[in-house]
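Trainee: Could you go through this structure with me, starting with the charged pairs and then moving on to other topics?

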Amino acid sequence: SGKPFYAIIHRVTGSLIIDFEPVKPHEVPMTAAGALQSYKLAAKAITRLQSLPSGSMERLCDTMVQEAFELTGYDRVMIYKFHDDDHGEVFSEVTKPGLEPYVGLHYPATDIPQAARFLFMKNKVRMICDCRAKHVKVVQDEKLSFDLTLCGSTLRAPHSCHLQYMENMNSIASLVMSVVVNEGDEDGSESVHPQKRKRLWGLVVCHNTSPRFIPFPLRYACEFLAQVFAIHVNKELELENQMLEKNILRTQTLLCDMLLRDAPLGIVSQSPNVMDLVKCDGAALMYKNKKYKMGLTPTDFQIRDIVSWLDEYHRDSTGLSTDSLYDAGFPGALALGDAICGMAAVKISERDWLFWFRSHTAAEIRWGGAKHEQGEKDDGRKMHPRSSFKAFLEVVKTRSLPWKDYEMDAIHSLQLILRNAFKDGENADSDTKAIHTRLTDLRIDGMQELEAVTSEMVRLIETASVPILAVDVDGHVNGWNSKIADLTGLPVDEAIGKQFLELVEDSSTDTVSKMLKLALEGKEEQNVQFEVKTHGERSDSGPVTLVVNACASKDVEENVVGVCFIAQDITAHKNMMDKFTRIEGDYKAIVQNPNPLIPPIFGTDEFGWCSEWNN
């Protein structure tokens, strides 16, 4: 025909599918530099994202919607974030004047079926120019030996259900960009922690009240922008996880303090106590048929009912955590009222229990349209959109704040410590006073006392969810907990006795040597970063990057006899930042390419000063 087209190619089951998209007449002079031009269009938005200080997901999302709004020209741009239960929330939004705001609205998980989410993981940018446009039937060549799938095609018509959905929302055209985090985990391995798996974190959704077409180079720029945004989202999620790790270190210190005091009654009678361990409104210890309560708790009779219910329905479990005793099936939940909704309980012995309680949180959720049913799931046989998107308020009063993973780790650590303390007490047929005497009498006067205290501390170190290791004055490893063993692939029995400098990467030898020297002089360094070698099956995954606090170990005469390291694993964070640097390098390589076919490229900053001038 002599007319110009964009050829957009993707692979499906060993074959190639090519979409031919017409180039508009006014775009023809730009075609040769189209891709580079689109990168330059995205460059301003990318620069804005890169210049943001870390520590605020809200600021990051607000900036992203504003940049996408200016880049694409749609009437409305939203960040749509998926929650743990798969329902969605409009997290951030910018609109043209006169449009009803959607920000803060929640939508049922079934509004975006799992099949659609799978396609968003594969096709990072999806455009619908006009939901009222007439569909064209695809004619398949009879010689083709298999059925053609157009799931990845940019020209594929949307499902009729989605078109009706758009009509109901008064949206004629849309552009959707996928925000996929943990892209490095390509297979979404089940062995990886849920928060580390490749997953669809959310969508950047653009709506228009009239038909709108975005040419391919600009859509390609949007995909690049969405990838950079996803990396920054990943970075914010990593920072949140690091804060959780710091909370774990704090709770480990509390556990040490609780262990070496009047166990077990000291944990509910002294300060700090079990209520300092995790956020709660009340706590109770049931020990030898007596109840010791703090803060807001059920009555003694209600606690007995809870224990009876746990014994009957959770006999094989060592505990239970729930944000709603009503949903968990406790018959007396309604009698507790709003005061007690959430509970974490751990069994110390056959008759002894430790409880934490939380009051209700009056969570106000603004649903966009008819409320979804709690048990409603995707059903491919009956896809139909909702007709109403009128917002209404649901107030949830039967739930508390959920129990975080790091809080449950701390609770289980205390459970293990108390179990050992109780077991020793029962074997000696000792009461609370005897336990107090045993702990008080553990004076560091000889090897037997030293070994007793050490064994207590070893239990705590082994349950820690962060890497902990120790060396003697000669630099030989004499402590290596299960977490550092898992990270490096080096078992405890093989690590003990090795020269620690042999276990770190050559690039980190000087850093570690200096830190050891200072610690042995009593000068303890904080937040030192170095890399440790991996072994066995872990050796292919590269070194482990740690941020470490050094603590000098001293004997009874205050002589330094070694160094203990409490570490934080930041390998995933470092790998993510390295990947970001590589992507940034790819962008620069395009702009600064010396190839004579590359046209002149130049640019200015917001003040009109030249910021780009290629060869």
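**Salt bridges and surfaces**

Mentor: The structure holds 14 salt bridges, a salt bridge being a side-chain nitrogen of Lys or Arg within 4 Å of a carboxyl oxygen of Asp or Glu. This is a predicted model, in which local features need pLDDT of at least 70 and side-chain atom pairs count only at pLDDT 80 or more, while totals for chains, interfaces and linings use all residues. Residues are numbered from 1 along each chain as its sequence is written, and side-chain values use heavy atoms, with hydrogens and water left out.

Trainee: Which residue forms a salt bridge with Glu21?

Mentor: The partner of Glu21 is Arg219, and their closest N and O atoms are 2.9 Å apart. This pair links distant parts of the chain, since Glu21 lies in strand β2 and Arg219 in helix α5 (residues 216–259), 198 residues apart; helices (H or I, at least four residues) and strands (E, at least two) are DSSP runs, numbered from the N terminus.

Trainee: And are Glu21 and Arg219 buried or exposed?

Mentor: Both Glu21 and Arg219 are buried, where buried means under 20% relative accessible area, exposed over 50%, and partly exposed in between, with a 1.4 Å probe and protein chains only.

Trainee: What about Lys44, which side chain does it meet in a salt bridge?

Mentor: Lys44 meets Glu70, at 3.2 Å from N to O.

Trainee: Switching to helix α3, which of its residues are buried?

Mentor: In α3 (residues 114–122), the buried residues are Arg117, Phe120 and Met121. They cover an arc of only 105° around the axis, which puts them on the same side of α3; the arc is that of the directions from the helix axis to the C-beta atoms.

Trainee: What do those buried residues pack against, and what sits on the face turned away?

Mentor: The buried residues of α3 pack against β3 (76–82), β6 (125–128), β7 (173–181) and β8 (199–208), contact meaning heavy atoms within 4.5 Å. The face turned away from the buried side carries the exposed residues Ala115, Phe118 and Lys122.

Trainee: Arg117 is charged, so which residue does it form a salt bridge with?

Mentor: Arg117 forms a salt bridge with Asp86, the closest N and O atoms being 3.8 Å apart. Here Arg117 is in helix α3 and Asp86 in the loop between β3 and β4 (88–95), 31 residues apart. Arg117 counts as buried because its relative accessibility is 8%, whereas Asp86, at 31%, counts as partly exposed.

Trainee: New topic: how many disulfides does the structure hold?

Mentor: The structure holds 0 disulfides, a disulfide being a pair of cysteine sulfur atoms within 2.5 Å. As for individual cysteines, Cys151 counts as partly exposed at 37% relative accessibility, while Cys341 is buried, with a relative accessible area of 4%.

Trainee: Last one, which strand gives the most to the nonpolar patch?

Mentor: That is β2, with 3 residues, and β1 (5–12) and β2 (15–22) each supply at least two. Ile18, one of the patch residues, lies in strand β2 and counts as partly exposed at 41% relative accessibility.

Technical notes: Patch = residues over 30% accessible without salt bridge, like charges linked within 9 Å, V, L, I, M, F, W, Y side chains within 5 Å. Areas by Shrake-Rupley, 256 points an atom, 1.4 Å probe, with all protein chains shown as cover.
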